[in-house]
Amino acid sequence: MTTQLQVVANAQPQPQQPQQPQQPQQQHQQSDPNSKISPQQPQQLLLLPKEHYSPIPNFHVPTTTTTESNAQHGQHLETINQGTQQMHGLHSTKAEIYKCLPQAWLGVPPSIRKVIGWIYLVIFCSSFGFINILPAMLLCVPYTWLYFPKTSSTILTFFIITWLLPRREWVAFRKLGQLWYEIFDFHCNLSDADREAVMETASSKQYIVCSHPHSIIPLHAVLWSAYCDQYLPPIYGFGCSAEMAKYTPVLGNILNWLASGSATYKALRAGLVHGYCPPAHNNGRQVHHLFILAGGVAEIFTCSMNKHVIVYRKRRGLIRLALETGACLVPSYTFGATELFHHDSFATATGLLGSKVSKFWRKMRVGVTFFHGQFGLPIIPYTPRVTLILGEPVVVEKYHGDPSTIPNELIEQVHQQYLQRFTEMFYKYRTVCGYPNAELEIQ
């Protein structure tokens, strides 16, 4: 995610130079004690079929940027020339991932860390269950109040207390997510050099981190929150969620503590343009960057083991938002996120009920579905290795005209470039993440 790298999809290759005798390369050493994992044959990761995307020359740091005025649309198209200086980490042809350590909890015995982490996991997953049962519970209030008045009063009181708690972020709460690192053997592909370069430009650039897949329960969003707070604190901005989730007991409180706002276009624009997100604003902080599960509720129903599906072929909202604000689009994929929970066969997008149910809940913007984890329970996830991958940013120049007049050609150009970046990232890292035969499907 190094921000100094800005490469367009159709960059012209540089003239070939006479070949020089190859010198042995020194391994890039990390100051972080975290270990790194490399594939045995990293050079094969970028050898993709041509139909996946048009090839891009070796990644370089740009040296100049020029703009051309388009009289027909009044737009500015960015042309980025290639530089000559090679970069490490994300921008080398060698894929590497780095193990993340829970620095805030290293003084606590490992067994206690896992116990606390699992308690947090079960509470978080259970809170998602309220989305499924809350409508039924509200419908059953008259019956339960008649026959179980004390139990109903206790539950209702608990719900009211959660709804009355202030909508304010809780900075220390982010560190609780570090307890999941060891449970999921959490890794990320950012090196020390990548992180330093990102933080150096955090105040001058804006990022929209577009994360895929959504997963049935997006545990990786909490992992991102903990990772960003620990390794990339200047990048910690705000997230977003469905309106129903924000008013769900316990879950809504957790989302507020992690600085998650509304997922409407108006709210996202207010965050990027004016720095306004209610939970962060109530804590006296202005936000600058956005983390979003870009596939939305639709990717809940496409989530399936041994499949890597993202829903983004017809989506243009974030592309338009990037053009309106000038924010960089950062493609992100989390390997292992589709294996945290398993869909019941009849509830998938192609199952007996899934096709009709998914369409209904997608219109309601709520991901109600049927799934299970360990022991057949929907509150205890499986524990695959989870690896967060951040790709090269798609640098978008701000459109200075009326946002309603942004030409479709420009939107399609950025959209195509984003999908190309995403595809490159996926196939580059699939082997080192443990999925050498994985194929990306874009719906």
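What lies over them? Just past the end of helix 11, Gly326 adopts a positive phi of about 80 degrees.

## Where helix 11 meets helix 13

The axes of helix 11 (residues 317-325) and helix 13 (residues 408-429) come within 9 Å of each other and cross at roughly 110 degrees. Angles from 65 to 115 degrees count as roughly perpendicular, and the two helices are therefore roughly perpendicular to each other. On the helix 11 side, the contact is made by Ile319, Arg320 and Leu323, while helix 13 brings Asn408, Leu410, Ile411, Val414, His415 and Tyr418. Sorted by class, this contact has six nonpolar, two polar and one charged residues.

## Two nonpolar cores

The largest nonpolar core has 56 residues, and the members that touch the most others are Phe124, Trp180, Phe184, Ile217, Leu219 and Tyr227. Which elements each supply at least two residues of this core? They are helix 1 (110-139), strand 6, helix 5 (219-231), helix 7 (251-257), strand 9, strand 11 and strand 14 (387-390). Helix 5 gives the most, with eight residues.

Setting aside neighbours within four places in sequence, Tyr227 is in contact with Cys100, Tyr181, Phe186, Cys188, Leu190, Arg195, Leu232 and Leu388. A second, separate core holds 46 residues, including Tyr399, Met425, Tyr429 and Ile442.

Leu293 is part of strand 9. Is Leu293 buried or exposed? The cut-off for a buried residue is under 20% relative accessible area, so Leu293, at 17% relative accessibility, counts as buried. Beyond its neighbours within four places in sequence, Leu293 is in contact with Ser211, Pro213, His214, Pro218 and His220. Its C-alpha atom is separated by 8.7 Å from that of Gly239, 54 residues apart along the chain.

One of those contact partners, Pro213, sits in the loop between strand 6 and helix 5. The peptide bond leading from His212 to Pro213 is cis, with omega near -15 degrees.

Most residues other than glycine have a negative phi, and most peptide bonds are trans. Two residues are worth a look with that in mind. Asp185, found in the loop between helix 3 (149-164) and strand 5 (187-188), has a positive phi near 45 degrees. With a relative accessible area of 26%, Asp185 is partly exposed. Ala259 also has a positive phi, about 65 degrees, and is found in the loop between helix 7 and strand 8 (260-262). At 0% relative accessibility, Ala259 counts as buried.

Lys94 is found in the loop between strand 3 (75-80) and strand 4 (97-99), and at 31% relative accessibility it counts as partly exposed. How far apart are Lys94 and Lys428 in sequence and in space? They are 334 residues apart in sequence and 8.3 Å apart in space, C-alpha to C-alpha.

## The whole chain and its confidence

The protein chain contains 13 helices and 15 strands, and buried residues make up 52% of its 443 residues. Among contacts between residues at least 6 apart in sequence, 81% join residues at least 24 apart.

The mean pLDDT of the chain is 78, and 72% of its residues reach 70 or more. Two stretches call for care. Over residues 1-34, pLDDT stays under 50, and the model has 79 contacts beyond four places in sequence for them. Over residues 38-89, pLDDT likewise stays under 50, with 121 such contacts in the model. Where pLDDT is low, the predicted coordinates should not be read in detail.

Notes: Residues are numbered from 1 along each chain as its sequence is written. This is a predicted model: local features need pLDDT of at least 70, side-chain atom pairs count only at pLDDT 80 or more; totals for chains, interfaces and linings use all residues. Side-chain values use heavy atoms; hydrogens and water are left out. Axes are lines fitted to C-alpha atoms, for helices over the stretch in contact, and angles run from 0 to 180 degrees between N-to-C directions. Helices (H or I, at least four residues) and strands (E, at least two) are DSSP runs, numbered from the N terminus. Angles under 35 degrees count as roughly parallel, over 145 as roughly antiparallel, 65 to 115 as roughly perpendicular and the rest as oblique. Contact means heavy atoms within 4.5 Å. Ala, Val, Leu, Ile, Met, Phe, Trp, Tyr, Cys and Pro count as nonpolar, Asp, Glu, Lys and Arg as charged, and the others, Gly among them, as polar. A nonpolar core is a set of buried Ala, Val, Leu, Ile, Met, Phe, Trp, Tyr and Cys residues joined through side-chain atoms within 4.5 Å. Buried means under 20% relative accessible area, exposed over 50%, partly exposed in between (1.4 Å probe, protein chains only). pLDDT is the predictor's confidence in each residue, from 0 to 100.
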